[in-house]
Amino acid sequence: MKLIDALAISRRPAAQDAPVTRVSLACGFTPLHLETHLLAHLKLRRPDREVVLTSGLYGDLVGNLERLENDVMDACIVVEWADLDPRLGLRSLGGWRPSSLSDILSTAESRAQRFGESIARLERSASVAVSLPTLPLPPIGFNPGWCAGKFELELRATLRRLTERTSSACIVSQQRLDTTSPPGNRLDVASEFQTGFPYTKEHAAVLGELLARALNPPQPKKGIISDLDDTLWKGVVGEIGSAEVAWDLNGGAQIHGLYQQLLDSLAEAGTLLAIASKNDPAVVEEALARSDLALHRDRLFPVEVNWKPKSESVARILSAWNVSADSVVFVDDSPMELAEVKRVFPEITTMQFTAQDTRSAWTMLEELRDLFGKSALNAEDALRISSLRQGPEFMQTAPSNPTAARDFLTSLEAVMTIDASKDPPPRRAYELVNKTNQFNMNGVRLSWGEWCTFLAGPDRFQWLIGYRDKYGPLGGIAVVAGERKGRTVQLHNWVMSCRAFSRDIEHASLRRLFESLDVDEVVLDVAETGRNGPFREFLRLYAPWPEAGPARILREAFDARCPALSIRAQEAEIAGPA
């Protein structure tokens, strides 16, 4: 992005009455163009918000961080060498003598420790993105520039120890920064001397975008649907047989093996994997059963192998997963197949696997990692594929007759647990609020800082609802968050994973609100999103969808219309607001 474009975007007014998101840029230098680019990209990533970006005092990164701890807001923190010791910058004449190096290292270690401790405290209640030094070190020390001397190695070890003190801050990738902003083009010596801003305009543009992405990452997509022939493996299995398709160096197909390896890694992190292939099912199963497959066969569900249009297979997979097409990537080597699926599902992301062009194939692997990457793993990631496999069994077993269906739900021996912790709130609750679409009261998305700030009020609460039955655990699958106001509870967020549909969890959650908080009315801050049809359908059982303003569910209406529930709540884990 050019500076003139960033200026135009940063000055663009937000919609009237848009919620305000406050972000701090904490750095030790004059922020100038970095501030402009960062604000522009934050506005692009949060078009529904009025983004207010502030910066601290020049030359006082330590103080800027410590002041932030008392003024909760999301933060982008930029550390440069001069913040660790002014002698590592260009505006100080403190001396570069070899006899000074040990003192510089000592100062850098002390300041890095303070930075790390401040960041660790800040990230408990705010979203934090951190950029470690991006500029070249000055010609300090006695080693030639092509040799990494002990002084430089010790400085970089200090940075490693700084990051070890943080747990959830997003550290801007040095590798990605090196790729998009060559290290030799980052320092503007004249600008540093004249204004105290050390970056070239090009480097400021790249770093601003990466910081904005680190602070407000896109929600990971949910599933990959892959072709087989010349995609998952090299060769057409129906022509050469299951023993001859290849995915390794010996077969000249290492890029296919790396693709399998990436899929296997993403699946272990919770990504759904399925196959859509025009092929003979028996031959495909032989190939998938090979012991040298780099992707575990059990990771794949469902496997759609037939001779029908691939869009039909994709439709069945989306139905089995119960996810929308815009959450899925379809990978195939054939442009025609990609176009056919894209025509039926315009929202789906398509990627062509081009094994002959290894550079393009490698770039595709990196793009997949970006689309499905996440900052941390949780227990639900491991449960996702098993719960999806349970889904068809659950639906096939559940009878259609209403009376028999009630008896079936009773037989599930279901248990609902509620985690009401607030200091800090569970990250799983925050994750569900920001990625759930279908059973979602209003589609509101929040940063970690906004979520923590909301929950800080004494009458506010969040419940992370977990579930298990005789088919197995689903983990944390729903979130209810709001505040108690006398005999009323006002809900600001209510979401539930599609994996939990048809098990009465939504009814049981509402019952717990009325009973455990002893209120007469639940007020819901609803909004139609275009994708929350399942929530709107549920609400109609108890209250009409309002033309404007919140929806209201009276306890009398709930008691009269709620079906008989057999879910057992673990009372010891339930806690409401004081």
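## A walk through the predicted chain

In the protein chain, 73% of the contacts with a separation of 6 or more are accounted for by residues 24 or more positions apart, a contact being heavy atoms within 4.5 Å. The model is a predicted one, in which local features need pLDDT of at least 70 and side-chain atom pairs count only at pLDDT 80 or more, while totals for chains, interfaces and linings use all residues. Residues are numbered from 1 along each chain as its sequence is written, and side-chain values use heavy atoms, with hydrogens and water left out.

The protein chain holds 22 helices and 18 strands, where helices (H or I, at least four residues) and strands (E, at least two) are DSSP runs numbered from the N terminus. Its radius of gyration is 27 Å, close to the 25 Å that the globule rule gives for 578 residues, so the chain is as compact as a globular protein of that length; the radius is taken over C-alpha atoms, and the rule is 2.2 Å times the number of residues to the power 0.38. Along the principal axes, the C-alpha atoms fill a box of roughly 85 × 75 × 45 Å. Of the 578 residues, 51% count as buried, which here means under 20% relative accessible area, with exposed meaning over 50% and partly exposed lying in between (1.4 Å probe, protein chains only).

To return to Leu491, its contacts, leaving aside neighbours within four places in sequence, include Met441, Phe461, Val480, Leu513 and Val522.

In the loop between helix 4 (81-84) and helix 5 (101-122) lies Ser100, which is buried, with a relative accessible area of 9%. Leaving aside neighbours within four places in sequence, Ser100 is in contact with Arg87 and Gly95.

Some backbone details also deserve a look. A cis peptide bond, with omega about -10°, joins Phe301 and Pro302, and Pro302 is found in strand 8 (residues 300-306). Glu413, in the loop between helix 17 (402-411) and strand 11 (415-419), has a phi near 55°, a positive value in a residue other than glycine, and at 61% relative accessibility Glu413 counts as exposed. Ser502 likewise has a positive phi, of about 70°, although it is not a glycine; Ser502 lies in the loop between strand 15 (488-496) and helix 20, and is partly exposed, with a relative accessible area of 43%.
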